[in-house]
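Please examine the sequence and the structure shown below.

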Amino acid sequence: MRCRSRIWALSTTTSTSGKPRSSGAKPIGPLFIAFEGVEGAGKSTQIRRVAAALRQLDIEPIVTREPGGTRAGEAIRAVALDRDLRLEPATELLLMLAARSVFVHEVLRPALEAGRIVLTDRYELSTFAYQGGGRQLPLATVKQLNQLATGGLRPDLCVLLDVDVDRGLARRASGARDRIEGEDLDFHRRVARAYRELARQEPNVALIDARGEIEQVFAAVWEALCARFPETFSPRQG
Ligand SMILES: Nc1ncnc2c1ncn2[C@@H]1O[C@H](COP(=O)(O)OP(=O)(O)OP(=O)(O)O)[C@@H](O)[C@H]1O
Ligand SMILES: [Mg+2]
């Protein structure tokens with residue numbers, strides 16, 4: 001679903017603060033951007049950073065995460081990531097997709113129909129990489145079932161933060177690990193390999209070198225967003 005009508009912020013509209021939203025006619029959405037990458041790649045950090053930069057442009061994005069983002073989705077997340085549960089790969093896949101179908105129905109479609117910018121922490125590329133690559137379920141089946149869950153709603157852009165697994169895991173070494181984070185190194189390496197392969201195969205993926213410091217990575221993310229959506233993301237204000 002890529003032919004959504006754009007909503008335009010005109011110079012005459014004002015924000016709640018009374019400031020003009022923009023200096024001219026400026027399309028602000030709908031736009032659907034997913035942040036992807038291995039554990040500790042910096043997804044949550046960069047989403048927060050991009051959201052803050054958008055707010056400086058007087059654009060309020062919807063920031064959400066998967067699995068989750070809805071009441072049912074968060075409940076499914078709790079089961080899917082429960083360290084005390086042993087789940088079959090197919091069970092894990094179907095839980096992720098159950099959460100996604102609610103997410104698409106309750107959060108994503110309404111937000112995009114309202115012309116909003118949605119920034120999500122993980123979406124379908126995670127399923128392809130973790131349940132396809134990591135759990136080694138057949139990718140074609142994973143994609144087919146995902147299509148059922150999303151109704152074909154794909155991100156305008158996936159920002160894929162690329163770091164090696166060891167660096168990512170080291171960044172978040174101190175935190176408690178959920179069921180998937182606690183998998184062995186081989187699993188996480190398969191996920192990382194799958195992500196890189198997906199970056200080559202899938203449309204609308206911006207592969208970002210995420211090994212540098214937070215501000216350096218943010219500069220690369222913002223540059224990718226500016227290159228892709230110059231009408232919304234301005235190089236001067238990043
Ligand atoms: N570029 C970076 N350099 C160093 N540390 C970073 C960088 N980006 C994020 N961090 C730190 O690494 C940790 C993990 O970052 P973050 O939570 O953003 O990753 P994530 O991809 O969301 O991880 P997860 O998959 O576990 O949710 C945080 O403590 C964060 O402050
Ligand atoms: Mg995170």
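Which residue in strand 6 is the bridge partner of F35? The bridge partner of F35 in strand 6 is V159.

## Model and numbering

This is a predicted model, in which local features need pLDDT of at least 70 and side-chain atom pairs count only at pLDDT 80 or more, while totals for chains, interfaces and linings use all residues. Residues are numbered from 1 along each chain as its sequence is written, and chains are lettered from A and ligands numbered from 1 in the order in which they are written.

The pLDDT is the predictor's confidence in each residue, from 0 to 100. For the protein chain the average is 88, and 87% of the residues score at least 70. Over residues 1-26, pLDDT stays under 50. Where pLDDT is low, the predicted coordinates should not be read in detail.

## The sheet

Helices (H or I, at least four residues) and strands (E, at least two) are DSSP runs, numbered from the N terminus. Two strands pair if DSSP finds at least two bridges between them. Five strands form an open sheet with parallel pairing, in the order 4-5-3-6-7. Strand 4 (62-65) and strand 7 (205-209) each have a single partner strand, so one side of each is left without a neighbour in the sheet.

Strand 3 (residues 31-36) is joined to strand 6 (residues 157-162) by four bridges. E36 has L160 as its bridge partner in strand 6. With strand 5 (residues 117-121), strand 3 pairs in the parallel sense over five bridges, and I33 stands opposite L119 there.

## Two faces of strand 3

In a regular strand the side chains alternate between the two faces of the sheet. From strand 3, L31, I33 and F35 point one way, whereas F32, A34 and E36 point the other way. Six of the six residues of strand 3 are buried, that is, 20 or more other C-beta atoms, placed from the backbone, lie within 10 Å of the residue's own.

## Around ligand 1

Of the 14 residues around ligand 1, the nearest are G42, K43, S44, T45 and R171; a residue is near if its C-beta atom, placed from the backbone, lies within 6 Å of the molecule. Helix 1 (43-56) and helix 8 are the elements that give two or more residues to this shell. The largest share, three residues, comes from helix 1.

Key
Two residues are in contact if their C-beta atoms, placed from the backbone, lie within 7 Å. A residue is buried if 20 or more other C-beta atoms lie within 10 Å of its own, exposed if 12 or fewer, and partly exposed in between; C-beta atoms are placed from the backbone.
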